[in-house]
Amino acid sequence: MLAGLDFRLAPGSFYFLTGPSGAGKTSLLKLLYLAQRPTRGRIRLFGTELAEAPREALPAFRRRIGVVFQDFRLVRHLSAFDNVALPLRIAGESDKDVEAPVREMLAWVGLADRASARPPTLSGGEQQRVAIARAVIARPELLVADEPTGNVDAAMANRLISLFGALNRLGTTVVVATHDLSLIASVPGARLMRLEQGRLADPTGELRHPPARPGLEASA
Amino acid sequence: MKAGLFPPPSLRRLLPDQRRRSAPWIVGLMTFVSLVVGAAGISVIGAVRDLQGAAEGRWSLQVTGIPADAARTTAMLAAAPEVAEVKPVPEAELRKTLRQWLGPAADTLDLPLPALADVTMKSGADGAALARRLQAAIPAAHLTSYSAELRPLLATLQGLALVVVGLLVVLAAALAGAVTLAARATLEANRATLDVLHGIGATDAQLLGLVQRRLAIDALVGSAVGALAAALVIALALIPARGLLAGWSERPLLGPSDLLLLILLPFAQAALATLVARWTLQRTLAAAL
């Protein structure tokens with residue numbers, strides 16, 4: 001259970017969220033990607049108060065958020081290509097407009113030759129890369145990833161984190177929950193958020209007072 | 001992604017094709033039963049209307065005892081202002097009817113047969129008053145309306161028609177319930193996919209379009225199959241049954257307007273199924289964040 005959280009994320013920043021298992025990392029991420037509402041408190045995202053926003057308003061905000069789920073959540077009967085294309089199709093892009101970016105993204109995550117493979121035929125690492133490609137294909141303003149490198153080797157983990165870094169340099173705010181502290185060093189300027197027993201440690205005060213510019217705020 | 005029943009193929013395949021679906025069978029069975037029951041009900045209602053029409057203004061005269069009374073009665077009725085026509089039933093016809101029960105003996109036995117006549121009243125005439133006048137003048141004469149004679153049968157048929165209407169309402173409710181379950185089952189079967197789509201920003205209208213299209217197709221296919229089977233049964237069983245009304249009505253048991261109503265019934269059921277499915281889906285989706 002989360003309690004006493006009060007923080008702001010500076011737009012365009014890169015955050016690692018750490019903490020022991022059961023500390024509430026996944027719960028906090030769910031609040032960020034609008035899969036849950038807080039029982040009390042508020043969440044302000046993209047300049048809009050969303051904790052009590054009508055549910056009809058939420059899909060438009062969800063499209064501005066990329067999510068890498070811990071369990072991938074790929075659609076089993078769709079190919080890797082179609083899984084990656086989902087956010088674009090949901091946003092109304094035509095098949096023609098979807099083709100090139102999806103191929104490019106699949107190449108980027110090293111799965112160009114697995115485009116037509118379905119998730120059950122992919123390894124855990126390959127599935128994770130498809131999930132990451134799907135999360136970033138629509139150039140989200142906020143990218144939330146729950147243990148995104150848990151199933152890949154160190155080289156692929158660094159490659160994926162550098163993809164997140166590249167997105168971040170384009171302006172995407174990135175929040176990555178991870179146990180792998182070695183990743184933190186691979187992103188210069190990344191900030192650390194540590195959750196313990198549902199509370200957020202902020203020894204430097206940077207989370208409560210990030211560099212000025214409206215960003216993402218949450219308090220509970 | 002546009003909402004609606006006809007999303008493009010790239011979106012249609014977002015939901016897997018499930019070959020073993022129950023909805024078409026449920027809708028097909030309901031359509032079949034509804035059509036057969038509906039056709040039977042329409043036939044009964046038509047029969048009631050025909051019998052009522054045929055009995056309207058028609059009376060039956062029976063005179064027992066003295067043959068002179070029969071002649072007097074016929075003359076009195078012919079002169080009455082209420083009567084349009086008096087048509088005595090020939091004795092040969094009476095004996096022919098008796099032959100059905102007594103066999104050839106009906107022609108030879110010296111049975112005292114009553115004098116019978118079919119009496120047709122003028123429109124709006126008070127037949128009951130005439131019957132009372134006649135009874136007072138000639139006690140052996142009895143004038144009875146066909147409507148009165150047919151009343152128990154008509155009441156039974158009207159009751160039957162009401163039962164049929166009630167059955168159709170129950171069937172529609174059962175269809176709605178079955179489709180609600182089928183819609184929930186479809187949602188449940190595709191829960192993982194729908195959750196993913198929901199999580200990456202699909203609107204309720206988009207998800208509704210995907211699932212509803214499938215249920216609408218199921219409803220249409222089921223209705224079509226059920227309607228075809230029902231058409232066979234109606235053609236084989238109900239249409240020959242018009243012999244029941246022989247002598248009362250020349251109208252076919254199911255007229256063009258009745259058939260039109262029956263043709264519209266499967267479409268109405270498919271529409272009902274689609275609307276119920278849509279409502280169920282909307283409610284279920286609205287329960288999620």
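A:Arg139 sits in the loop between H5 and S6 of chain A, where helices (H or I, at least four residues) and strands (E, at least two) are DSSP runs numbered from the N terminus. A:Arg139 isn't a glycine, yet it has a positive phi of about 50 degrees. This is a predicted model, so local features need pLDDT of at least 70 and side-chain atom pairs count only at pLDDT 80 or more, while totals for chains, interfaces and linings use all residues. Residues are numbered from 1 along each chain as its sequence is written, and chains are lettered from A and ligands numbered from 1 in the order in which they are written.

**Confidence**

- The model comes with ipTM 0.85 and pTM 0.71.
- Chain A has a mean pLDDT of 87, with 95% of its residues at 70 or more; pLDDT is the predictor's confidence in each residue, from 0 to 100.
- For chain B the mean pLDDT is 82, and 89% of its residues reach 70 or more.
- Within chain A, the element with the lowest mean pLDDT is strand S10 (residues 216-219), at 63, and the highest is H3(A), at 94.

**Chain A overall**

- Chain A is built from six helices and 10 strands.
- Its radius of gyration is 17 Å, which agrees with the value near 17 Å for a compact globule of 220 residues; the radius is taken over C-alpha atoms, and the globule rule is 2.2 Å times the number of residues to the power 0.38.
- Along the principal axes, the C-alpha atoms of chain A fill a box of roughly 45 × 40 × 30 Å.
- Of its 220 residues, 42% count as buried: buried is 20 or more other C-beta atoms within 10 Å of a residue's own, exposed is 12 or fewer, and partly exposed is in between, with C-beta atoms placed from the backbone.
- Take the contacts in chain A between residues at least 6 apart in sequence: 75% of them join residues at least 24 apart, a contact being two C-beta atoms, placed from the backbone, within 7 Å.

- H5 (residues 124-136) of chain A has 13 residues and should span 18 Å at 1.5 Å a residue; its end C-alpha atoms are 19 Å apart, which agrees. The expected span is 1.5 Å times one less than the number of residues.
- H5(A) is largely enclosed by the rest of the structure, because 11 of its 13 residues are buried.
- Among the elements covering those buried residues are strand S5 (65-68), H3 and helix H4 (95-108) of chain A.
- H3(A) is mostly covered too, with 11 of its 11 residues buried, A:Phe81 and A:Arg89 among them.
- Just after H3(A), A:Gly92 has a positive phi of about 100 degrees.
- A:Arg139 is partly exposed, because it has 14 C-beta neighbours inside 10 Å.
- A:Arg73, in the loop between S5 and H3 of chain A, is another non-glycine with a positive phi of about 50 degrees. With 19 C-beta neighbours inside 10 Å, A:Arg73 counts as partly exposed.

**Chain B**

- Chain B has 10 helices and four strands, and they follow the pattern α-α-β-α-β-α-α-β-α-β-α-α-α-α along the sequence.
- Of its 289 residues, 29% count as buried.
- Helix H10 (residues 256-287) of chain B has 32 residues and should span 46 Å at 1.5 Å a residue; its end C-alpha atoms are 47 Å apart, which agrees.
- H10(B) has a kink of about 25 degrees at B:Leu265, shortly before B:Pro266; the bend is the angle between axes fitted to the seven residues ending there and the seven starting there.
- The buried residues of H10(B) include B:Leu265 and B:Pro266.
- B:Ile45 lies in helix H2 (residues 23-55) of chain B and is partly exposed, with 18 other C-beta atoms within 10 Å. Its C-alpha atom is 9.7 Å from that of B:Val164, 119 residues apart along the chain.

**Where A meets B**

- The contact takes 17 residues from chain A and 14 residues from chain B.
- On the chain A side, helix H2 (58-62) and helix H3 (80-90) are the elements that give two or more residues, and H3(A) gives the most, with four.
- That side of chain A has seven nonpolar, three polar and seven charged residues. Ala, Val, Leu, Ile, Met, Phe, Trp, Tyr, Cys and Pro count as nonpolar, Asp, Glu, Lys and Arg as charged, and the others, Gly among them, as polar.
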